[in-house]
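This report is an introduction for a reader who has not seen the structure before. Please keep the sequence and the model at hand while reading.

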Amino acid sequence: MSDYAPVNLSAPDQIEFELNRRRLAAPAGTMLVDAAYAHGVEVPVFCYEPRLGGPIGACRMCLVHVEGMRGLQTACSTQVQPDMVVRSDTDEVRDAHDGVLELLLANHPLDCPVCDKGGECPLQDRTFKFGPGKTQFVEHKRHFPKPLDLSSLIALDRERCITCFRCVRFSQEVAEDGHLIMRERGGDSEIATFTGDHYTGRFTGNVIDLCPVGALTSVPYRFVARPWDIKNTPSVCGHCPVGCNLELTEHEGHVARVTGRPNPNYSVEEGWLCDKARFAYPEDRAPDRVRQPLIRDAAATREVAIEEAVEAAALLLGRDGPHAFLLGPGATVEEGFLAQELASGPCRGALVAQLGLGDAPALAGLRAAPAAQLDDIDRADLVVLVGGDPANQQPVVELRIRKAVRGGGRLVSAGPRRHPLSGLGPSYITPPGRLLDGVRAAGPAFRAARRPLVLWDEADLAHEPAAAAELAGLLGATRGARQLELGADVNGAGLSALGIPGAADLVAALEQGTITTLLTIHAQPAESAGAARWAEALGRVGAVVALASHGGGIADSAAVVLPAATHREQEGVYVSMAKRAQRLRPGAAPPGGAAPGWELLIALAHRLGAAPAYRSPAATFAAAAAARPALAGLSYDVIGELGALLHAAPPATTNGAVGGGGADGTGLPLVTTLRIFGDAAAHRSDALSGVRQGAEVVLGAGEAERRGLAGAAQVRLQSPHGACTLPLRVDPRCPDGAVHATLGVPGAGVERLLAVDRSPVRVEVTAA
Amino acid sequence: MPQRHIVYLHREHPGDMAQLPEYVKAGGYNGLMKALADMEPDDVLYQLHRSGVRGRGGAGFPMGRKASFLPKDSPRPAYVVCNADESEPGTFKDREIMEFNPFQLLEGIVLAGYAIGSNHGYIYIRGEYEHQARVLDRAIAQAYEGGYLGSGLLRSRFDFDITLYRGAGAYICGEETGLLDSLEGKRGQPRLKPPFPAVAGLYASPTLINNVETLTTVPVIVAKGADWYATLGTEKSTGTKVFSVSGHVMKPGNYEIVMGDTSLRELLYDICGGFRPGHDFKACWIGGSSVPVLTAEHVDTRLDYESCETAGTYLGSAGCIVMDDSGCIVRSSLRLAHFYRHESCGKCTPCREGTMWMEKVLQRIVDGEGRMEDLELLESIMGRISGRVLCALADGAVAPIESALRLFRDDFVHAVEHGSPAREPMAPMGA
């Protein structure tokens with residue numbers, strides 16, 4: 001990871017100082033280590049990690065000579081001062097670096113040949129650069145049984161630990177989970193969890209990136225590859241709309257590891273990843289991965305060559321329409337644009353829609369308010385969180401909110417559910433449909449704030465137009481207030497920028513039996529909101545062509561299955577919830593006969609006799625940017641490594657989510673929740689098998705008592721749209737007046753309770 | 001009479017000073033009453049400054065200057081923290097003060113609080129001082145009952161509370177920032193400085209942290225005046241100081257003497273009754289264990305801060321550990337290395353790894369497995385610790401051993417050549 005903080009050498013008010021006889025400048029407040037690094041001088045560090053808070057001066061590696069100060073100074077904790085004269089190249093300083101390394105290595109096992117970190121290890125690198133060629137240590141080294149499972153994801157080798165405290169500080173001061181501690185003292189110090197249990201949480205894997213030695217290593221990556229046998233590719237995450245920048249490690253043809261970027265994107269994830277982003281990659285090789293093209297008829301399912309499958313798909317789409325194209329939330333901008341191009345060319349008149357929420361009129365006012373980026377959360381003195389559950393849905397946002405509160409900011413939250421951030425400040429729990437009350441309760445907090453920032457949940461507010469309008473009003477009336485959308489769909493913003501609407505019209509057309517062929521692109525309608533209605537509607541379509549990376553759902557019944565690359569295996573652009581266009585880069589090639597979606601769609605266009613003028617994702621995106629005003633000015637080059645913001649608003653589109661109506665049905669209002677390790681990706685990844693979460697129904701104690709369900713193990717939920725049966729948990733802290741159920745868990749079926757547009761429903765709860 | 005029990009020990013007082021009425025009868029709380037009636041907080045601060053009293057915990061930093069570092073305009077509350085984690089080897093002066101003269105300490109804390117505008121004091125007492133904690137507990141209760149603590153104490157408009165907090169047995173918690181972390185409920189480890197406790201101490205608030213003996217001085221300075229106090233001792237070492245003498249002397253114990261008045265020879269031979277028949281002085285760690293050792297050559301050193309520095313050591317906590325010619329300097333060094341290795345908190349590299357390494361090398365030498373190059377190795381390790389650590393602990397480990405290696409080199413050479421001159425082999429010490 002980057003050990004040094006970024007330094008803006010072109011900021012005004014630079015302070016001049018001298019380093020190793022060179023006259024240099026850096027902004028006031030810059031630490032010497034960072035200023036030196038920005039000017040190409042490496043002062044070695046181990047414990048210093050600016051993202052973990054203030055320096056702690058523990059490892060003593062960064063000692064430098066500062067003229068006029070007694071003894072050597074830790075450059076990690078010394079700020080540049082005007083005309084300060086610093087030397088990092090004197091014999092005394094060299095002896096200090098050498099000396100600290102000799103001491104660090106005294107009890108280090110030096111088992112580099114069998115250590116996963118070997119070859120990409122800061123301790124190893126710095127020993128070669130700054131350290132002793134030879135040790136004077138002849139005593140027995142300290143030994144521990146090794147390794148320990150710190151969790152199902154992280155192995156702990158205590159012998160290799162150099163006690164830099166980075167992991168402990170991450171746990172205590174960034175994730176604030178309080179799990180990791182340093183146990184014992186002195187030379188017996190060791191990393192442990194406070195309770196002695198596994199280190200569990202949403203962000204645990206970051207300690208692997210933070211560890212400057214091989215003490216904390218990834219269990220799924222353990223002994224998989226050596227650093228000279230891998231290729232690292234910068235990309236972005238495709239599991240939620242935050243768009244965390246990450247790095248994909250390729251080994252033997254597949255993605256074998258996901259890590260934070262060595263140079264983090266400080267406007268997005270700041271180098272932190274959630275454990276789903278980091279450990280979901282084994283889903284690319286899950287047993288249900290679609291590896292070969294399939295053609296299915298009444299008699300049999302055949303594996304065929306890709307040409308034959310594309311030919312078969314082209315035959316289906318070449319028939320008289322109308323056809324329909326349905327894009328899943330993870331489809332790229334290129335895939336969406338190619339679908340639109342098919343619909344305006346060879347498949348003229350085809351409906352193009354996205355499974356995600358799309359554009360909701362109720363949100364127009366909020367989206368028009370001044371927008372913020374994730375790093376603005378750090379600086380907010382008031383964070384108002386309306387709806388949602390960022391800790392589970394946009395996980396890295398949790399770390400930003402915690403950072404803001406640590407820095408003295410206030411958090412006020414309002415919404416239909418309790419979540420891991422509710423305890424950080426006043427929290428107003430409102431029943432579904434009554435979010436306006438919560439927004440009004442949070443309103444007075446704006447008055448005292450100078451830099452308020454509103455985080456609002458797209459899915460919750462889409463159906464609460466009164467709350468959205470009130471919030472937009474508060475934003476408009478408060479000077480300096482900004483908003484950031486907590487998006488529901490991975491690339492919902494990208495598909496909306498193309499003008500692709502929600503699927504209300506498409507599902508209606510399917511129901512009417514007028515659609516000849518449905519092409520799904522990374523879409524699983526029968527496992528999405530309105531699952532019951534989708535299943536019914538899909539029965540009336542002439543034929544289905546599924547472009548899919550995994551089996552199950554529609555891929556198990558489609559007439560033609562085009563095996564697609566996952567977001568870790570293809571080029572493309574995702575637009576994050578903060579309207580930042582970012583590039584996916586393939587970490588590895590897709591397996592077997594699978595191919596990137598853009599390639600399959602271009603091949604399809606060729607077969608349909610409408611060959612596009614471009615044949616690469618970059619050119620596809622360039623065409624999209626030229627044709628869609630919301631993407632104007634963007635190209636792969638402009639997006640670069642760190643992304644670029646969309647400047648124009650997306651076009652307004654039609655969508656069923658008009659909101660404002662009361663909830664359908666009778667019984668208790670349904671509040672859906674998402675769990676970070678509860679979705680299909682987490683369930684497919686064997687790495688996450690130890691932490692994956694199932695679905696449940698949660699009722700407050702009073703509500704359970706009233707309905708005679710206090711002793712029930714399973715309950716049946718029935719809405720006007722469908723039904724499902726799930727285990728019941730009675731939670732005294734859960735507010736009464738609503739029933740909570742987990743959405744997104746494969747096979748659980750909570751989606752059947754919902755309408756396609758996710759509008760509010762009531763459900764009858766009975767013992768099952 | 002070289003001993004003068006006029007500030008701390010009051011052994012001549014006939015009554016039990018640990019009882020509030022006796023303390024008051026002996027003139028106790030005169031200082032606080034005087035301050036509350038006639039003095040502004042700044043006047044008290046000025047008296048501390050003028051008295052020249054230096055911190056008795058070991059570093060000897062002038063108390064008045066330390067108190068003046070507290071920002072006056074902080075929006076946060078200020079705290080007084082009394083460092084009663086007396087764990088420096090050979091030091092047991094605070095123990096006697098707390099046990100036999102607790103009210104003077106409480107009065108000193110209140111006065112310090114008055115001077116810096118604080119309303120809350122904490123006493124962090126080492127866990128092993130169970131009896132002393134009970135005495136203080138009772139004294140605090142009596143002081144509250146008598147109106148010497150609490151809101152509007154002594155019918156003034158000044159409020160002050162004292163909380164007693166027991167440590168859990170770590171030497172590092174006597175280091176002021178380690179103490180503050182421990183007091184906040186965290187793992188006791190020194191903090192990076194700056195910021196100093198005066199600016200961001202307990203709960204990131206302005207904090208005056210002083211040793212028991214230092215705070216116990218305050219009532220006397222306020223009651224009798226800084227000018228009177230400054231007449232005692234030398235220019236840079238004012239007042240009296242309690243010396244805890246332990247080891248090979250006939251009458252070990254606590255002795256309060258006026259600084260600069262007495263020499264080490266007088267302390268050891270006259271006051272402490274000299275050595276056992278047939279034995280004589282060999283070495284002395286005058287300021288606790290964390291200071292360079294003194295040899296017979298330094299026996300005429302006068303007992304004040306500046307004379308000790310001239311002799312190449314520090315007055316430290318004045319925990320004077322004495323060894324006669326029956327002792328082995330090599331084994332003593334091992335014992336000290338063991339202590340510092342055991343007490344190192346592990347936060348910074350040179351201390352955590354260096355003290356462990358030093359102990360291992362010394363253990364080998366004592367066990368008769370030493371190599372001549374181990375003496376240079378020890379010097380090399382110590383050179384890589386000294387001045388490069390986060391707090392004073394490891395410097396304290398280096399000082400006695402580095403000086404022993406320099407001043408008693410023949411003993412080390414002999415130990416390498418012949419093993420330790422021990423009557424029996426020394427068993428390795430446990431954790």
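The sections below go from the basis of the model to domains, chain contact, salt bridges, helix packing and backbone features.

## Basis of the model

The model is predicted: local features need pLDDT of at least 70, side-chain atom pairs count only at pLDDT 80 or more, and totals for chains, interfaces and linings use all residues. Residues are numbered from 1 along each chain as its sequence is written, chains are lettered from A and ligands numbered from 1 in the order in which they are written, and side-chain values use heavy atoms, with hydrogens and water left out.

## Domains of chain A

Chain A is divided into domain 1 (14–104), domain 2 (146–285), domain 3 (294–358 + 493–645), domain 4 (361–484) and domain 5 (668–767). These bounds come from an automatic or database domain assignment.

In chain A, the centres of domain 4 and domain 5, taken over C-alpha atoms, are 25 Å apart. Contact here means heavy atoms within 4.5 Å; 11 residues of domain 4 of chain A touch 16 residues of domain 5 of chain A in this sense. About 1,000 Å² is buried between domain 4 and domain 5 of chain A, with 65% of that area from carbon and sulfur atoms. Asn392(A), Pro432(A) and His463(A) supply 46% of the area that domain 4 of chain A buries against domain 5 of chain A, more than any other three residues. Buried area is the accessible area (1.4 Å probe) that two parts lose on being put together, summed over both.

## Contact between the chains

How many residues does each chain bring to the contact? Chain B gives 30 residues and chain A gives 37 residues. Together, chain B and chain A bury about 2,800 Å², and carbon and sulfur atoms carry 51% of it. On the chain B side, Trp357(B), Arg384(B) and Arg388(B) supply 27% of the area buried against chain A, more than any other three residues.

## Salt bridges

A salt bridge is a side-chain nitrogen of Lys or Arg within 4 Å of a carboxyl oxygen of Asp or Glu. Over all chains, the whole structure has 86 salt bridges. Arg384(B) forms a salt bridge with Glu102(A) through their side chains (2.4 Å, N to O).

Within chain A, the side chains of Arg278(A) and Asp209(A) form a salt bridge (2.9 Å, N to O). Arg278(A) is in helix H6 (residues 275–279) of chain A and Asp209(A) is in helix H5 (residues 206–210) of chain A, so the pair ties together parts that are 69 residues apart in sequence. Helices (H or I, at least four residues) and strands (E, at least two) are DSSP runs, numbered from the N terminus.

## Helix packing in chain B

Helix H3 (residues 41–51) and helix H10 (residues 212–224) of chain B pack at an angle of about 100°, with axes 10 Å apart. Axes are lines fitted to C-alpha atoms, for helices over the stretch in contact, and angles run from 0 to 180 degrees between N-to-C directions. H3(B) and H10(B) are therefore roughly perpendicular to each other. Angles under 35 degrees count as roughly parallel, over 145 as roughly antiparallel, 65 to 115 as roughly perpendicular and the rest as oblique. Val44(B), Gln47(B), Leu48(B) and Ser51(B) of H3(B) meet Val218(B), Ile221(B) and Val222(B) of H10(B).

Helix H5 (residues 93–100) of chain B packs on H10(B) at about 45°, with axes 9 Å apart. That angle makes H5(B) oblique to H10(B). Lys93(B), Asp94(B), Ile97(B) and Met98(B) of H5(B) meet Val212(B), Glu213(B) and Thr216(B) of H10(B).

## Backbone features

Gly321(A) and Pro322(A) are joined by a cis peptide bond, with omega about 0°. Pro322(A) is in the loop between helix H7 (306–318) and strand E16 (324–327) of chain A. In chain B, the peptide bond from Pro194(B) to Pro195(B) is cis, with omega near 5°.

Glu184(A) has phi near 60°, a positive value in a residue other than glycine. Glu184(A) is in the loop between strand E8 (180–183) and strand E9 (190–193) of chain A.
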